[in-house]
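Subject: The structure you asked about

Hi,

Here is the structure I promised to pass on. Have a look at it first, and then read my notes below.

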Amino acid sequence: MSVALGPHTDLIGREREAAALRERLLTPSVRLVTLTGRAGVGKTRLARATVDALGGAFARVVTLDAAAPDDAGPGGLTALVRARTEARGPEALGPEDLSGKGRGPQTPGPEGRTVEDRGAEGRGPQPPGPEAPEAGGRVLLLLDGCDHEARGPAAEAVVALAGDPGVVVLATAVEPLGVYGEQLLPLDALAVPSDTDADAEDLHEVPAVALFVRRARDADPSFALTLENGAAVAEICVLLGGLPLALELAALRLRLLPAHLLAARLRGRTTVLSGGPVNAPARHRSLAALAEWSCRGLDPAAEALLGRLSAYEPGFGTSAAGLEDDEGLEVLLDRGLLAVVGEEAGGLRLAVTEPVRSYARARTPEADGADAHAERYRLLVAAALPGLSGTGQDRLLREAAAESANVRAALRRLHERGDCEAAAAMVLGCRLPWLVQGRLREGLEWCDTVAEGRGQQLTEALRARLADLSGVFALELGDPQEAVARHRRALAIGKGVGDRRQNALASLHLGTALLRSGDPAAARGVLVTAHSALSTMGVTGPTAEASVALAAALHAEGDRRRAQGMLERAEETFRRIRDGRGLAAALRAAAALALEGDEPEPAEAALREALHLYEAIGERTELPGLLEEFALLLLRTQPAQRPRAVRLLAAADALRQRTGAQVPQEWRSRAERARTDLGARLDWPDFATAWAEGVRMPAPTAVAEALSSPAPSRAPVAGAAAEAQSLTPRQAQVALLVAEGLTNRHIAARLDISEWTVVNHVRQVMRRLGCTSRVQVAGAVGRWA
């Protein structure tokens, strides 16, 4: 029978596909177009809407349901297709309207098969579209539902029409018919929100959300997308993968459940959705029926592969899942049971589509799915660990970010089955990826959860390492006192274990936490010991990390010279071992030293390189601080860049909120003073606009915004006034004191700064003024009067 669509509904989010389909059908050389896509994606609706919009482009339109029972006698569907497309007389014409409006009696086909046949006379006067050719005698055959058992007969029928140039066939099918000359137009699910925290205005522009809201209003006219329900609606669209039929069934449920409860219900199993129209095919009345129909006819190997992959979270890589040479992959892709959702490092990222994933998971024994999945990712995390702090760091960290959902699912499974040692090892292996991804609260909670134990008892060595790691996460979350307590507990546990390397690392982390808590003297003592121990053991990366931390402590105590030397050695080490994240930390510390010495140019170069390094690894925890440092540098060196600085400060604030981290009060006050100053110097509309733009920036855009700022001009300017303007206020003070004949030591005492800082100021003054001696500096100052 014909597919019943029910009342006419507008297409949403299909404008591009409808235009492409219309263009192909109107091309004289095209004889067969197959609209492909998985069940429930809206192929029939798009095909009928497009045919309905063609106007007078064809003399006749014939619609046949290829999936109807084929009991037409000899010849089957082929004979029926020939009979309906070869009929040219008025007796073959009917008044039916394919849109469903004003539809007259259907023309019965042989042995009860129902067809729809519309002629030019039956449509009434309709002007042809701008590209439409004269109708002539051309016939458009819409062959709907060419799936499963109907695929072969449909292909035979199309081949039988090859000798009739007056017939154009539009077929809908899950997979291509495989006929020579076939043109394919794949139909994907609707786009879903990339950010479930986006505001309602942005969500309205997403096709999946637009369809869901339209159907929700059909069910409940009072429904509206709001700030309160926007995140839940976005999550529903993501959970359902943008599948139109699933979105429509979910929208109906809003009569019974608020959006946040519906989202919670769908997280475990999307196949709970049902309630489709009674006049729709059985597979369109529930997602369970749709999934069963979609999987029908799979061979055992493909079905087994589908069951295995259903344990994977969407977005898994072919390499991670071990699919490089699996022949069943193509079968699942052709059937729409598996979808390509991205690409990473030349490999595909895939997802088992909903509701097939929920259906397959329910049919696959847990030991064959979740346990195998957990074991695979346990091994992947362990294998990646050696390379995370050296060569290949950027690639491994990006792969870890792409596979983060599967890593967390595997960790949950290990914990659920009581495999504490495996879970602990996996948490420890996720240290750097979680820090880079900004999963700070999650990391802290997993450290505590696994350390508490569930099932087998953890060894003291593992408990010490988990306590130490929990302190690292606590510090990044902005609680240095809690971090200090956790690191001391790690050291107390570790004393009985005798692991010198781990104890040295815990001491390194303790010293860093002490420094952040405002005790540089205590921090320096601990860090000196940690640095010495790590250096003696030849642990290269951690030794360089300890050098950076120790340099910060020395800097805080005013020993700038030693701090500079420590940073230079650390930077050299990080470059040699190709540890990008460690190098970025060293560069940021070096920039702070340069700024204290009124050397903005090397500071800017260091911060720009750090931004490049963070972008390469997808850094999220440390990025907000770096963006703020860069914004403050812009305000210092390029006042004309104030709007850009506002955007960077806003982006940093929004990105930090996502990690849940807090910053020290001193730094927060500094950023707030900068925002207050910017608000006073810019017109309020300009400030508000720039801030709103920054808040909406994703991390890569924020980095690009910073890096696109122009470098400060270094061109020399003639004249005495220009000489004075080329110096910073501090450099001008130093130059005046040099002109008075004061030594570096006296200048340091007068300005209450270190003598080493004075030396750097004098060098900068001489370079900027083009002088080679202190006498020449005094002469230049004399010209300013």
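Two residues are in contact here when they have heavy atoms within 4.5 Å of each other. With that in hand, take the contacts in the chain with a separation of 6 or more: 72% of them are between residues 24 or more positions apart. Keep in mind that this is a predicted model. The chain has 785 residues, and buried ones make up 51% of them. As for secondary structure, there are 38 helices and 10 strands.

Now for some helix pairs. Two packed helices are described by the angle between their axes and the distance between the axes. Start with helix 23 (residues 500-516) and helix 25 (residues 540-556), whose axes come within 10 Å and cross at roughly 30°. An angle under 35 degrees counts as roughly parallel, and helix 23 and helix 25 are therefore roughly parallel to each other. The crossing of helix 23 past helix 25 is left-handed. On the helix 23 side, the contact is made by Arg 501, Leu 505, Leu 508, His 509, Thr 512 and Leu 515, while helix 25 brings in Pro 542, Glu 545 and a run of alanines: Ala 546, Ala 549, Ala 552, Ala 553 and Ala 556. Sorted by class, that contact has 9 nonpolar, 2 polar and 2 charged residues.

Helix 7 (residues 207-219) and helix 9 are another pair to look at, packing at an angle of about 35° with their axes 8 Å apart. Here the crossing is right-handed. From helix 7, Ala 208, Leu 211, Phe 212, Arg 215, Ala 216 and Ala 219 meet Pro 244, Leu 247, Glu 248, Ala 250, Ala 251 and Leu 252 of helix 9. This contact of helix 7 with helix 9 has 10 nonpolar residues, no polar ones and 2 charged ones.

Which residues of helix 10 (residues 259-268) are buried? They are Ala 259, Leu 262, Ala 263 and Leu 266. These cover an arc of only 100° around the axis, so they sit on the same side of helix 10. That buried set packs against helix 8 (230-239) and helix 9 (244-252). On the face of helix 10 turned away from the buried side you'll find the exposed residues His 260 and Gly 268.

Strand 10 is worth a stop too, and Leu 348 lies in it. Is Leu 348 buried or partly exposed? Its relative accessibility is 34%, so Leu 348 counts as partly exposed. Gly 317 is 31 residues away from Leu 348 along the chain, yet their C-alpha atoms are separated by 5.9 Å. Setting aside neighbours within four places in sequence, Leu 348 is in contact with Phe 316, Gly 317, Thr 318, Val 340 and Gly 342.

Last, a few spots in the backbone. Glu 354 and Pro 355 are joined by a cis peptide bond, with omega about 5°. Pro 355 is in the loop between strand 10 (347-352) and helix 14 (356-363). His 148 is not a glycine but has a positive phi, near 55°, and belongs to the loop between strand 5 (139-144) and helix 5 (151-160). Asp 598, also not a glycine, has a positive phi of about 55°. Asp 598 is in the loop between helix 27 (580-596) and helix 28 (600-617), and counts as buried because its relative accessibility is 7%.

Cheers

Note on methods:
Residues numbered from 1 in each chain as written. Predicted model: local features only at pLDDT ≥ 70, side-chain atom pairs only at ≥ 80, totals over all residues. Heavy atoms only, no water. Axes fitted to C-alpha atoms, helices over the stretch in contact; angles between N-to-C directions. Helix = DSSP H or I, 4+ residues; strand = E, 2+ residues; numbered from the N terminus. Parallel < 35°, antiparallel > 145°, perpendicular 65-115°, else oblique. Left-handed = near helix turned anticlockwise from the far one by under 90°. Nonpolar A, V, L, I, M, F, W, Y, C, P; charged D, E, K, R; others polar. Buried < 20%, exposed > 50% of the residue type's maximum accessible area, 1.4 Å probe, protein only. Arc of directions from axis to C-beta.
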